[in-house]
Amino acid sequence: MQSADDALLLVLAKLDQFRGTSLFTTWAYKVALVEVAVTVRRRTWQGRELPVEPEAWLAQTDGAWSVELEVEQRELLAALRHAIRTELTAHQREVLVAVVIGGVPIDVLAERLATSRGALYKTIHDARQTLRRRLAADGLDPKVPTAA
Amino acid sequence: MMSDGRNAPQPRSVLRGLLGPEGSQLTCQQCYALLDEYVELELLGGAADHAIPGMRAHLDGCPACREEHDSLLALLEGNHT
C-alpha cells in the first residue's frame with residue numbers, strides 16, 4: 001500500500017511532463033517503473049565495490065577469453081585492448097570497463113562518481129566512437145556476430 | 001534481468017558492448033522522454049524505429065535504458081493479453 005501511495009505521488013509530481021503522446025496509463029507506468037528500477041539497482045549495489053579494474057581486465061583478456069573467440073575476433077579483441085589503453089582517457093576507461101565488463105548499472109556508477117547518467121552515457125558513446133575510429137584506421141571490421 | 005556484475009561476461013557480448021551500436025542514437029534523457037510512445041508503437045506493430053529514430057541504437061548500447069524498456073514492454077504486453 002505504501003508503494004502504491006509512493007508511485008501515485010511520484011506520478012502526480014511529474015504530471016507536467018505528460019505530453020499526451022501515449023496513453024496516460026502507459027506514461028504513468030513508465031514513470032513508476034523507472035523510479036523502481038533505479039531504486040532497486042542502487043540498493044543492489046549499495047556498499048559493493050566496483051567489480052572490475054580496467055588494468056585487471058586488460059590483463060585478464062590475454063588468456064582465457066581468447067580461446068573462445070574466432071581468429072578475427074581475437075584480432076579485434078587484441079586491437080581493442082590496445083586502443084583502450086592508448087586512445088581512451090583514464091575516465092573513459094574506468095566508465096566503459098565498469099559498465100560493459102563489470103555490469104555496473106550506469107545510474108549506480110553516476111551516483112558513485114557524482115555525475116549524471118546522461119553525462120556517463122556520453123562518455124561511453126565518445127569512447128566507443130574513438131575505439132571504432134581506431135579500428136577503422138587499423139583496417140579492422142568492428143562487426144561481431146551474435147552467434148558463435 | 002538485473003545486471004549486477006556477478007556473472008562472468010561473455011567475450012562476444014563484451015566485444016559488442018565495447019564497440020556499441022553503429023549510427024546516431026538518442027541520449028538517456030531523450031530515451032526516457034520517448035520511451036512510453038516508442039513501446040506503444042512497438043505493441044501496435046507499427047514503425048516504432050521509423051517514428052523514433054535513434055531509439056533502437058540507444059537501447060542496444062545502454063543496458064539500464066534497455067532494462068527499463070523491456071520491463072515496460074513486458075508490463076504492457078501482460079495488460080494486453
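This is a short walk through a predicted model with chains A and B, and how they touch.

Okay, some housekeeping. Because the model is predicted, local features need pLDDT of at least 70 and side-chain atom pairs count only at pLDDT 80 or more, while totals for chains, interfaces and linings use all residues. Residues are numbered from 1 along each chain as its sequence is written, and chains are lettered from A and ligands numbered from 1 in the order in which they are written.

On confidence, the model scores ipTM 0.85 and pTM 0.85. Chain B averages a pLDDT of 87, with 86% of the residues scoring at least 70; pLDDT is the predictor's confidence in each residue, from 0 to 100. By helices I mean DSSP runs of H or I, at least four residues, and strands would be E runs of at least two, numbered from the N terminus. Be careful with residues 1-6 of chain B: the pLDDT is below 50 there, although that stretch has 12 contacts in the model beyond near neighbours in sequence.

Now, where do the chains meet? 39 residues of chain A are in contact with 31 residues of chain B. Contact means that the C-beta atoms of two residues, placed from the backbone, lie within 7 Å. On chain A, helices H2 (24-45), H4 (71-87), H5, H6 (106-112) and H7 each give two or more residues to that side. The largest share, 10 residues, comes from H2(A). By type, the side of chain A that touches chain B has 23 nonpolar, nine polar and seven charged residues. Here Ala, Val, Leu, Ile, Met, Phe, Trp, Tyr, Cys and Pro count as nonpolar, Asp, Glu, Lys and Arg as charged, and the others, Gly among them, as polar.

Look at H1(B) next. Pro11(B), Val14(B), Leu15(B), Gly17(B), Leu18(B) and Leu19(B) are buried in that helix. Buried means 20 or more other C-beta atoms within 10 Å of the residue's own, exposed means 12 or fewer, and partly exposed is in between, again with C-beta atoms placed from the backbone. What covers those buried residues includes H4, H5 and H7 of chain A. Just after H1(B), Gly20(B) takes a positive phi of about 70°.

Which residues does Leu18(B) touch, leaving aside its neighbours within four places in sequence? They are Leu80(A), Leu96(A), Val100(A) and Leu131(A). Leu131(A) is found in H7(A), and counts as buried because it has 22 C-beta neighbours inside 10 Å. Beyond four places in sequence, Leu131(A) is in contact with Leu80(A), Ala83(A), Glu87(A), Leu18(B) and Leu19(B).

Staying in chain A, H5 (residues 90-101) and H7 (residues 117-137) pack at an angle of about 100°, with their axes 9 Å apart. Axes are lines fitted to C-alpha atoms, for helices over the stretch in contact, and angles run from 0 to 180 degrees between N-to-C directions. H5(A) and H7(A) are therefore roughly perpendicular; the cut-offs are under 35 degrees for roughly parallel, over 145 for roughly antiparallel, 65 to 115 for roughly perpendicular, and oblique for the rest. The contact residues include Val95(A) and Leu96(A) of H5(A), and Ile124(A) and Ala127(A) of H7(A).

Ala114(A) is exposed, with 6 other C-beta atoms within 10 Å.
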